[in-house]
Amino acid sequence: MTDQTGSVKKKHLARSAEHQHLSAGCSPQEAELEAERRRYRDIIEASPSALILVGPDGGIVLVNRATERLFGYSRDELLGNPVEMLIPTSVRTGHKKYRKSYFAEPQPRIMGQGRDLYGLSKNGEEVPIEVGLTPIQMPNGIHALSAIIDLTRRKQAEDALALQADELARSNAELEQFAYVASHDLQEPLRMVRSYTELMQKRLPDDLDASARKAMKYVVEGAERMQLLIDDLLLYSRVGRADLAIDRVDVNAVVDHVINLVSVSLAEQPGACITRDELPTIRASESMLVQLFQNLIFNGLKFHGEEPARVHVSCKELKDRWDFSVQDNGIGIDAKYAERIFQVFQRLHERERYPGTGIGLAIAKRIVERHGGEIGFKCKVGKRGTRFYFKLPKDPAGRRGGSHETAVETD
Amino acid sequence: MKQQSRPIEILLVEDNPADVDLTLESFAEISTRNRLHPVKDGEEALRFLRQQGEYTNAVRPDMIMLDLNLPRMDGLEVLEIIKSDPELKTLPVLVLTSSHSQKDILASYSLHANCYLTKPLGLDRFYQIARAVESFWFDLVALPRTERPG
């Protein structure tokens, strides 16, 4: 065991377990020493990371089972050879240089940080790896211990994930584009249906029978309704596509402006009122914020109960976000519809009583999410009224900006 | 044009027969003093304006209503030709289109369209446009008096 020649050493390293008997006749101290060596060797062999000890000349001095598994070489093929045999040819020269500079200033570190590293296996495959380097003082100079982790699986998972993310982004962009084009192009024939049915209606003889008249009415109503749906779909798609123009926005002014906008529906409901606390100035898209408050406030006004609608807007400041609330005293929402109410064209009530296409809250949700926030509602059991809340981060920058590659066309 | 007894001549450049009928219907509904001349594309419109081909005896219109979405030569090209022709550029051109796009609005005004109208959705709105166009452009606005050369 004191023999330092390569072949004996190789043999020793390869089959330390078989050497047990050689030490049988040694002194107790030597036997103890040998047992300890064996334990260390077992530890090295048990490591799931490939371990390679490289001498100052770049020769491989020690490997473990994981190294054999990772690179496909047997121990005998590795020991004594330059470590560069495990480095892809394209970076081999570079590696020699790195190795020399490492031995000049050896300290524990991760190899090639920020770069993708590859090892070269016996069958010529390049294996993605991560390498940790530790200098080890040996009797014949400083050695470098490489602990190598096989990243193949992690890499595959990452690649698959990146591919999925790409595909998702692409299919989202396509969907947006589809919704826009579809709704835009659907307007044209619809305009004809509407105009000409109205014209026919106008020219119908006065004595036309009641059922024909009713049929005409349904055609006109259907066309009008489809028009509303298309308009809303366009609006919804626009909220997703438009660039998020972040400005400093005084929310007081936004809410006052919205109160002005909904004044017609206010006038239709005697006693209805909208109030607000003092609200902050925040960073957001002003036009989207107007749309958001308009939809939530209008919602509160619309779904009123026996009493005149009361809607109140308030805001709480937290460390890194604003929590806005729009509280009403209306008919409330059953918690089991929590998911559904934010979906496009989902309605919980019959049209006759509460008209609308059911897109208002879907648009509100989209606006909040484009700002990187969350929206939800609270409705206490047995108590009237709903509180819609939305949380907006103080810094909405760096959030997803929608699909910018689609043509920006505003209508 | 209060004293004028001759009809208001309007060149309508529109390829969709349903839209032609609607426009004719709307202008007929609001008054009897207008006369619409529908043509189906830009080239035909230019022949009409320059009294060429089948239009050697065409009247000089008082106004042009121009759709943007036309076969072959599109509406913006027609607009550009009209507005760069010294004989034609004083004619008011009203763009009447189904496009709501900012791009089209901007391009139209950049090429000196006199106004941009989007085709309305209901019949009543169509009448409203006809009424507004007639009363604004022919009762309120002063237009240069142009005679047919020759």
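## Chain A overall

Among contacts in chain A between residues at least 6 apart in sequence, those that join residues at least 24 apart come to 63%; a contact means that the C-beta atoms of two residues, placed from the backbone, lie within 7 Å. This is a predicted model, in which local features need pLDDT of at least 70 and side-chain atom pairs count only at pLDDT 80 or more, while totals for chains, interfaces and linings use all residues. Residues are numbered from 1 along each chain as its sequence is written, and chains are lettered from A and ligands numbered from 1 in the order in which they are written.

Chain A has 411 residues, of which 24% are buried (20 or more other C-beta atoms within 10 Å of the residue's own, with C-beta atoms placed from the backbone). Its secondary structure consists of 11 helices and 13 strands. Helices (H or I, at least four residues) and strands (E, at least two) are DSSP runs, numbered from the N terminus.

## A mixed sheet in chain A

An open sheet of five strands in chain A has the order S8-S10-S11-S13-S12, with mixed pairing; strands pair if DSSP finds at least two bridges between them. Strand S8 (273-276) and strand S12 (374-378) of chain A are at the edges with a single partner strand each, so one side of each has no neighbour in the sheet. On average, neighbouring strands of this sheet are turned by 15 degrees against each other, direction ignored.

S12(A) pairs with strand S13 (residues 387-393) of chain A in the antiparallel sense, over five bridges. A:Phe377 stands opposite A:Phe388 in S13(A). Helix H11 (residues 360-370) of chain A lies across S12 and S13 of chain A and runs at about 135 degrees to S12(A). Axes are lines fitted to C-alpha atoms, for helices over the stretch in contact, and angles run from 0 to 180 degrees between N-to-C directions.

## Helix packing in chain B

In chain B, the axes of helix H2 (residues 42-49) and helix H3 (residues 75-83) come within 9 Å and cross at roughly 20 degrees. H2(B) is therefore roughly parallel to H3(B) (angles under 35 degrees). The contact involves B:Gly42, B:Ala45 and B:Leu46 of H2(B) and B:Glu77, B:Val78 and B:Ile81 of H3(B). By class, these residues are four nonpolar, one polar and one charged. Ala, Val, Leu, Ile, Met, Phe, Trp, Tyr, Cys and Pro count as nonpolar, Asp, Glu, Lys and Arg as charged, and the others, Gly among them, as polar.

## The interface

In chain B, 13 residues are in contact with 12 residues of chain A. Helix H1 (17-30), helix H4 (102-110) and helix H5 (123-140) of chain B are the elements giving two or more residues to the side that touches chain A. H1(B) gives the most, with three residues.

Definitions and conventions:
Parallel < 35°, antiparallel > 145°, perpendicular 65-115°, else oblique. Buried ≥ 20, exposed ≤ 12 C-beta atoms within 10 Å, placed from the backbone.
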